[in-house]
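Me: I'd like to go through some of the labels used for this structure and see what stands behind them. Could you help me with that?

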Amino acid sequence: MTSSEDVVIAGLARVDFEPVIGRPLEDIIYSAASAAVADAGKNIKEIDAVSMASSDILDGRAISTMTLTGSSGTFQKSEMRVCSDGIAALALAVAECRSGLAERILVGAWSKLSEGQIAAIDPLAIEPIFHRPLGLTSSNVHSLRVSAATGTAVQVPAQTTVGDGAVAMVLCEASVAGERRRGTVRGLGWSTGPYLRPEVPPLDSVARAVEMAFMDAGITASDLGRVWTSGFHDVTDEDLLRWCCLPSLAVTRGTSGGLEIGYAAGLNSLVDALLANAGGLHLILGASGPGYQSGFAAVVSR
Amino acid sequence: MMRRGVAVAGTGQTKYKTNRSDVSTPELVFEAVHRALDDARMKPSDIDAVVFASAPEVFEGVHEPDLWCIDGFGGADKPEMRIHTGGATGGSGALAGVSLAASGRFDSVLVVGLQRTGESPDAQQIFTTMFDPIYEGDVQLNVITTIAMMASRHMELFGLTEDHMAWVSVKNHANATRNPYSHLSKVVTEEEVKASRMIAWPLRLLHCCPRSDGAAAVVLLAGEKARSYREGPLAWVRGVGSATDVYRIGDRIDDLGWDYASQRALWWASQKAYRMAGITNPLKQLDVIEVYAPFSNIEVVSYEAMGLAGIGRGWELVESEATTMTGEVAVCPSGGCMTSNPIGATGLVRFAEAAMQVAGKAGEHQVDGARMAMSTATGGINQFFTAAVVSADPE
């Protein structure tokens, strides 16, 4: 059984990502979540569960989702939160659907990084005693790996501009989706690599995630139409394809305009792909952690 | 209804202490994981996917602690995801593992729970950042004061007394002396409880949990891999439930027929788990409950929310001593969360302890003849709840 046989995206919505959105995070999430439920032709009482991706440190408080129950629609429902790219929240929601534990799940992710200090947050992902004093950050770990793999000098990337916004979608078992179908989840993969190990090739976890998603979807790279991503700001299209062991394909960087949007990047690209009105299979790539330690991949179709 | 059966094959825990300064965080995780794998007679390479459960990373001071610890739990180059729902994290992690296994995608899932509150000088300073920073930041709400308000409201509305609360403390501390992993391991008397230092009325020191460093791990098997497992007894997952309450506690007063003195979201979560497990009379059908109750009054309120007693009547089970090791349903035979509380791992500890009971692996705190058990977890200010029923029997 593959995902394509049983799980569809019945509705989706987004508050477009911008450098600063002058509204509270609760409002931004509510706008996306309520619009996604409406787009699916459902009301919130028909949703069984909510699966979301967010980070306390990026959101700015411990257990940040406590104050977001109203806006994310979780009252009386199961709430699951992953702390990595939103494709992980999608993967968990698909598992809940396929396991029979839920029929309709709201999936969401957001960013309000304009209120954070990303330069201060980024090094916190590094082990505090031995590695943090070395000045390692999420980005320069990747640069070091590229340097080791290619024999070139280390290039530390410039700081990326951050952005605010939110994305949400309603995932349904095919049997209860009705006629509203924005897309189908055909395959999912995710993988986490070892911590800071220097010999690991760049984007190794993303490549593993892609391989897993292809197996789940029962396809090969030659079946793909296009690759979508809202992250990997310090990786060229050519290197993204090369390190992920993909053939020459069109890569679309999406509507977030190069902004760093944290855990929302994967789902944002998924919405880009489904709104693009293009047929065929789309591969969505996401990542999180130092040196893209965790990789995520989704294969979707309209 | 789950599409395929899921069972617990192995569990592992660490010794819980205020500060496990003898090990690094990845080493602490490794301690629990290798015990779980040994218990299941499996190797890291036998695991298909990993769920890592840890609550606010500000306790550890490392953003995305799962990525730092990955080599300590054998998750490298596997599908791995971190779950965080506050104090309910361990319970949510277990349920996420059950979903992944029951979905048909993975035959074996390792669930790992971790928390190191000992890395931060004061857990309550971190907890105060949970609240709305604009409107509530100056009120000095924290976990203890909000639970104290709940206790005093239960006293006012339903007749809970300090004697009832003290009895729960005495029971759980006595049970903990038979659990080798327990943080607190000392018999206390009702007089000692009632004479202990006042924290926030009516909560005294011996009504409250410690803050613990620790980790736990559980190995889940699914489908044919579970059915053909012959290495030891299994604990079959028979029902799961999860529910969320509103954030503002004022909105829980006189709402939908419930009051802030009760845990309505635990009721919703338990009822889901009971329906799936076919439980209609939990007091009679459950042999053991490992409830997430960090404070003595919370255990009494949970009796009601889990349907063991009528709303407002939980103290009747205290007076009848129905929840002792030899009572109608043994509640927290491990000593529970009152005696060890590694916050993000605690829900997984409850899940593991329930599984150990029905598998007959609980050692000195084994409840004789236990066949059906439930575990719960709680996060936020009584906001996020999970419930899971496990059984010695697959159906």
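Me: Happy to start with helices α6 and α11 of chain B: at what angle do their axes cross?

Reply: Gladly, and please keep in mind that this is a predicted model. The axes of α6(B) (residues 162-176) and α11(B) (residues 296-305) cross at roughly 100° and come within 8 Å. Angles of 65 to 115 degrees count as roughly perpendicular, so that is the term for α6(B) and α11(B).

Me: Which residues of α6(B) and α11(B) meet?

Reply: From α6(B) there are M165(B), W167(B), V168(B), S169(B), K171(B) and N172(B), and they meet S296(B), N297(B), E299(B), V300(B) and Y303(B) of α11(B). By type, the residues of this contact are five nonpolar, four polar and two charged.

Me: Now the rings: what makes F75(A) and W268(B) an edge-to-face pair?

Reply: Their centres are 5.6 Å apart and their planes stand at 80°. Pairing needs centres within 6.5 Å, and planes over 60 degrees apart count as edge-to-face, so both conditions hold. This pair crosses between chains, from a loop of chain A to helix α9 of chain B.

Me: Why is W268(B) called buried, and what is F75(A) called?

Reply: Buried means under 20% relative accessible area. W268(B) has 15%, so W268(B) counts as buried, whereas F75(A), at 22%, is partly exposed.

Me: And why is the pair of F232(A) and Y292(A) called tilted?

Reply: Their planes are at 40°, which lies between the 30 and 60 degree limits, so the pair is tilted. The centres are 4.9 Å apart.

Conventions
Residues numbered from 1 in each chain as written. Chains lettered and ligands numbered in written order. Predicted model: local features only at pLDDT ≥ 70, side-chain atom pairs only at ≥ 80, totals over all residues. Heavy atoms only, no water. Axes fitted to C-alpha atoms, helices over the stretch in contact; angles between N-to-C directions. Helix = DSSP H or I, 4+ residues; strand = E, 2+ residues; numbered from the N terminus. Parallel < 35°, antiparallel > 145°, perpendicular 65-115°, else oblique. Contact = heavy atoms within 4.5 Å. Nonpolar A, V, L, I, M, F, W, Y, C, P; charged D, E, K, R; others polar. Phe/Tyr/Trp six-rings, centres within 6.5 Å; stacked < 30°, edge-to-face > 60°. Buried < 20%, exposed > 50% of the residue type's maximum accessible area, 1.4 Å probe, protein only.
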